Amino acid sequence: MIIELIPVIEIGYNNQGIPVPDQYPYWDFPELWDKYNFDSYKKAGFKDELKPYLAGSSFYTLAEITDDNLTKLVIDHTQEMLDGKYQREQTSPLFGGYVLRIDGEDIYFPQCCGDLSDIHYWEKLANGENGFYAGHPQPQVKIEANTIILDFSVEALDEDFIPIPKDSIVSLDILTLKKAIVQTKQELKTFELRLEKINRDNHLNIDEIGELLIWNDTND
C-alpha cells in the first residue's frame, strides 16, 4: 500500500459576477467549471493561469500556484486582519486540506471548512487518536491495532461527500500513513519558506506567517 496526503489549496473567488454554471457536479462537467474558474480568477486579478488538481475543481497543489498568484492569495486572505477588521486568532489557515491518495488513486478530498492545518487531524489518526476534525462531512473512524478504518457511508439526512468516494469503507495502515505525513510535512515546510519570502518582499509584517496560514498549532 502506498499512501499519499497531497496538500491542496482551495481557491474560490466566486463573487466576481461571472455566471455560475447550472450543470453539476463539477467532475461530470469539468470543461464548463474550468472555464468558470478561469474567468473568475482572471477578473479577480490573478496573473497566471491555474491548473486544478482535479479538472473542474477549485483545488490546487502548492507547486501549481505561482509566486505571483500565491502573493495575491496571501494578501487577499489576510487583508482584513491587516486592516484591523479581524484579530489574528479569527484568521484561518489557507482553505483546502489534503487529498488522500492510495496506490495512485484519489480516495478522499478536502470537504467544506477544511484548511491546511488539518494535517494535525491526520497526525492524530496516525497516533491512534480519533481527533476532532473541523471540516464536514467527515468519515466515521475506527482504529483497530495498526489499521485505521474510514467509513464514508452517508445516512439519509447527512451531507454527501464531494466528490463521493468510490468505496464506502477504506482501510489505512498506520505505519504507512505516518510515512506519508512525514513527507507531507516536509512539503509544507518548503511552502512555509515561500510564505516567509512573500511576507518579507511585500512588507506584510505578519508574525510567524507559516503558523498563521499552515500550522495553526495554537488552536490544535
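Select C113 to begin: at 45% relative accessibility, C113 counts as partly exposed. Here buried means under 20% relative accessible area, exposed over 50%, and partly exposed in between, with a 1.4 Å probe and protein chains only. The model is predicted, and local features need pLDDT of at least 70, side-chain atom pairs count only at pLDDT 80 or more, while totals for chains, interfaces and linings use all residues. Residues are numbered from 1 along each chain as its sequence is written, and side-chain values use heavy atoms, with hydrogens and water left out.

**The cysteine pair**

A disulfide is a pair of cysteine sulfur atoms within 2.5 Å. The structure holds 0 disulfides, and C112 is accordingly in none. C112 is partly exposed, at 41% relative accessibility.

A search of the whole structure finds 8 salt bridges. A salt bridge is a side-chain nitrogen of Lys or Arg within 4 Å of a carboxyl oxygen of Asp or Glu. Helices (H or I, at least four residues) and strands (E, at least two) are DSSP runs, numbered from the N terminus.

Select helix α2, residues 67-82, and show the side chains of K72 and D76. Both residues lie in this helix, 4 residues apart, about one turn. Their side chains meet in a salt bridge of 2.8 Å, N to O. D76 has a relative accessible area of 35% and is partly exposed.

Next, go to helix α4, residues 174-201, where K197 and D201 are also 4 residues apart, about one turn of the helix. The closest N and O atoms of their salt bridge are 2.6 Å apart. K197 is partly exposed, with a relative accessible area of 45%, and for D201 the value is 45%, again partly exposed.

**A bridge across the sequence**

Select E105 and K166. Their salt bridge has its closest N and O atoms 2.9 Å apart. E105 lies in strand β4 (residues 105-108) and K166 in the loop between β6 and β7, so the pair ties together parts that are 61 residues apart in sequence. E105 is partly exposed, with a relative accessible area of 33%, whereas K166 counts as exposed at 64%.

Then select E4, R101 and D106, which are linked in a network of salt bridges.

**Helix α3**

Is helix α3 buried or exposed? Of its 8 residues (119-126), 7 are buried, so the helix is largely enclosed by the rest of the structure. To see them, select I119, H120, Y121, W122, E123, L125 and A126. After the helix comes G128, whose phi is positive, near 85 degrees.

Most residues other than glycine have a negative phi, and most peptide bonds are trans.

- Select H136 and P137: the peptide bond between them is cis, with omega near -5 degrees. P137 is found in the loop between α3 and β5 (140-144).
- Select I162 and P163: a cis peptide bond joins them, with omega about -15 degrees. P163 sits in the loop between β6 and β7.
- Select Y13: its phi is positive, near 60 degrees, in a residue other than glycine. Y13 is in the loop between β1 (3-10) and α1 (30-44), and is buried, with a relative accessible area of 17%.
- Select D103: this residue is not a glycine, yet has a positive phi of about 50 degrees. D103 is placed in the loop between β3 and β4, and counts as exposed at 52% relative accessibility.

Select Y86, in the loop between α2 and β3 (96-102). Y86 is partly exposed, with a relative accessible area of 39%.

**Last stop**

Select D160, in the loop between β6 (147-151) and β7 (169-173). D160 counts as partly exposed, at 49% relative accessibility.
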